[in-house]
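Reader: Please take me through this model, giving the cut-off behind each term as it comes up.

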Amino acid sequence: MIISHKIDKELNKLDERKRNFEGNNETKEYYDKSIEKLKRITIDYGDFPTVEEWNHYAKKNDLLSNTSIEYISGLNWKELREKILYETDKKIF
């Protein structure tokens, strides 16, 4: 149990480091590009894409998958959908 707790603690530290973007790096660029495309698709088609729709589009257009976006943002797909729908409706981006 103690070993498991230590491993979890170390993994959480690693997760925090991965989520913190210091300066412009390739992961941040892909993330920003993917989020902007999600917003553009939402505006152009009037709805946020499903996981399947997004992953198909992302693969064809060299963008991050939903899993990567969820991991980096710390939001699940439903939460991300709500955030982007709010931002595109309010034009906050």
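Reader: What is the accessible surface of the protein, and what share of it belongs to carbon and sulfur atoms?

Author: This is a predicted model, in which local features need pLDDT of at least 70 and side-chain atom pairs count only at pLDDT 80 or more, while totals for chains, interfaces and linings use all residues. Residues are numbered from 1 along each chain as its sequence is written, and side-chain values use heavy atoms, with hydrogens and water left out. By the Shrake-Rupley method with a 1.4 Å probe, where for residues only the protein chains shown count as cover, the accessible surface comes to about 7000 Å², and the share of carbon and sulfur atoms is 51%.

Reader: Which elements does the protein have, and in what order do they run from the N terminus?

Author: Helices (H or I, at least four residues) and strands (E, at least two) are DSSP runs, numbered from the N terminus. The protein has five helices and zero strands, and the order from the N terminus on is α-α-α-α-α.

Reader: At what angle do H2 and H4 pack, and how are they oriented to each other?

Author: Axes are lines fitted to C-alpha atoms, for helices over the stretch in contact, and angles run from 0 to 180 degrees between N-to-C directions. Angles under 35 degrees count as roughly parallel, over 145 as roughly antiparallel, 65 to 115 as roughly perpendicular and the rest as oblique. The axes of H2 and helix H4 (residues 66–73) are 11 Å apart, at an angle of about 110°, and the two helices are therefore roughly perpendicular.

Reader: Which residues of H4 make the contact with H2?

Author: Contact means heavy atoms within 4.5 Å. On the side of H2, the contact is made by Thr27, Tyr31, Ser34, Ile35 and Leu38, and on the side of H4 by Ile69, Ile72 and Ser73.

Reader: Is Thr42 buried or exposed?

Author: Thr42 is found in helix H2 (residues 26–45), and its contacts beyond four places in sequence include Phe48, Ile84 and Leu85. Buried means under 20% relative accessible area, exposed over 50% and partly exposed in between, with a 1.4 Å probe and protein chains only. The relative accessibility of Thr42 is 5%, so Thr42 counts as buried.

Reader: How are the rings of Phe48 and Trp77 arranged as a pair?

Author: Rings of Phe, Tyr and Trp (its six-membered ring) pair if their centres lie within 6.5 Å, and planes under 30 degrees apart count as stacked, over 60 as edge-to-face and the rest as tilted. By this rule there are two aromatic pairs. Because the planes of Phe48 and Trp77 are at 50°, with the ring centres 5.1 Å apart, this pair is tilted.

Reader: How many residues apart in sequence are the parts that this pair ties together?

Author: Phe48 and Trp77 are both buried. Phe48 lies in the loop between H2 and helix H3 (51–60), whereas Trp77 lies in helix H5 (residues 77–90), so the pair ties together parts whose separation in sequence is 29 residues.

Reader: Which residues does Tyr57 touch beyond four places in sequence?

Author: Tyr57 is found in helix H3 and is partly exposed, with a relative accessible area of 25%. Tyr57 also forms a tilted aromatic pair with Trp54, at 5.8 Å centre to centre and 35° between the planes. Leaving out residues up to four places away in sequence, the residues that Tyr57 touches are Lys37, Ile41 and Leu63.
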